[in-house]
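Visitor: I'm new to this one, and I'd like a close look at a single part of it. Could you pick a helix and walk me through its surroundings?

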Amino acid sequence: MSAEINWNEWNVYCISIMEFKLNRNQGMIAEVKLTLNKGDLSKNNHIVILDSISDPGNLGTLIRTAQALGFNSIFITKESADPFSSKALRAAKGATFNIPLQIGDISELLNISVNSLLIFNLTPH
C-alpha cells in the first residue's frame with residue numbers, strides 16, 4: 001500500500017550538498033511548526049523544573065531523563081538554553097516531542113497551584 005503525497009502542502013528548499021553534510025545530519029530534512037504544549041501544569045503531579053541550564057546538550061539529556069523517569073511535564077526557565085536547538089534535540093533523542101514543555105519565568109511557575117509539591121534542588125556547588 002502506498003500513500004500519495006500532495007507536494008503543494010510542503011515547502012521545498014534547495015541547499016548545497018556541502019551545507020547538508022556540514023550539519024552532520026542523518027540525510028533527512030523536514031520543516032515543522034513547533035508549538036509548546038502549555039497544558040495545565042497544576043494537573044500534573046510530577047514536574048521537572050529546569051532553571052538556568054545553559055548547555056543545550058545537558059538540557060536535552062535532562063529532558064530525555066525526565067521522560068524516562070516518568071515525569072508528567074517540564075518547566076524550563078527563560079534563562080535556560082533553547083530546548084529546540086539542534087544540540088538539545090540530538091541529546092533529547094525525541095523526548096522533547098513526547099513530554100509537555102513550558103518555558104517561562106520563575107514568577108509564572110509560582111502561579112501554578114498544585115495539591116502537593118515536593119521540590120528537590122540539585123546543584124554542582
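Visitor: Before we zoom in, what is the mean pLDDT of the protein chain, and what share of its residues reach 70 or more?

Guide: Good place to start, since this is a predicted model. The chain has a mean pLDDT of 77, and 54% of its residues reach 70 or more. Among the elements, helix H1 (residues 17–22) has the lowest mean pLDDT, 64, while helix H2 (residues 56–68) has the highest, 95. So let's settle on H2.

Start with its length. H2 has 13 residues, and at 1.5 Å a residue they should span 18 Å; the C-alpha atoms at its ends are 18 Å apart, so the two agree.

Now look at which side of the helix is tucked in. The buried residues of H2 are Pro56, Gly57, Leu59, Gly60, Ile63 and Ala66. They pack against E1, E2 and H3.

That brings us to the largest nonpolar core, which has 14 residues. Leu50, Leu59, Ile63, Ile74, Ile76 and Leu101 are the ones with the most contacts inside it. Strand E1 (47–50), H2 and strand E2 (73–77) each give two or more residues to this core, and H2 supplies the largest share, three residues.

Pick out Leu59 and see what it touches. Setting aside neighbours within four places in sequence, Leu59 is in contact with Leu50, Ile53, Ile76, Ala81, Asp82 and Pro83.

Next, the two ends of the helix. At the start of H2, a side-chain oxygen of Asp55 comes within 2.9 Å of the backbone nitrogen of Gly57. Just after H2, Gly70 takes a positive phi of about 90°.

How covered up are the two partners? Asp55 counts as partly exposed because its relative accessibility is 27%, and Lys87 is also partly exposed, at 40%.

The side chains of Asp105 and Lys78 meet at 3.9 Å, N to O. This pair also links distant parts of the chain: Asp105 sits in the loop between strand E3 (101–104) and helix H4 (106–110), and Lys78 in the loop between E2 and H3, 27 residues apart. Asp105 is partly exposed, with a relative accessible area of 29%.

One more stop in that loop between E2 and H3 (86–92): Ser80 is found there. Ser80 counts as buried because its relative accessibility is 12%, and the cut-off for buried is under 20%. Follow its side chain and you'll find the backbone nitrogen of Ser52 at 3.0 Å and the backbone oxygen of Leu50 at 3.5 Å. Leaving aside neighbours within four places in sequence, Ser80 is in contact with Leu50, Asp51, Ser52 and Ile53.

Key:
Residues are numbered from 1 along each chain as its sequence is written. This is a predicted model: local features need pLDDT of at least 70, side-chain atom pairs count only at pLDDT 80 or more; totals for chains, interfaces and linings use all residues. Side-chain values use heavy atoms; hydrogens and water are left out. pLDDT is the predictor's confidence in each residue, from 0 to 100. Helices (H or I, at least four residues) and strands (E, at least two) are DSSP runs, numbered from the N terminus. A nonpolar core is a set of buried Ala, Val, Leu, Ile, Met, Phe, Trp, Tyr and Cys residues joined through side-chain atoms within 4.5 Å. Buried means under 20% relative accessible area, exposed over 50%, partly exposed in between (1.4 Å probe, protein chains only). Contact means heavy atoms within 4.5 Å. A polar contact is a pair of N or O atoms within 3.5 Å; within protein, one must be able to donate a hydrogen and the other to accept it, and residues adjacent in sequence count only if both atoms are side-chain atoms. The expected span of a helix is 1.5 Å times one less than its number of residues. A salt bridge is a side-chain nitrogen of Lys or Arg within 4 Å of a carboxyl oxygen of Asp or Glu.
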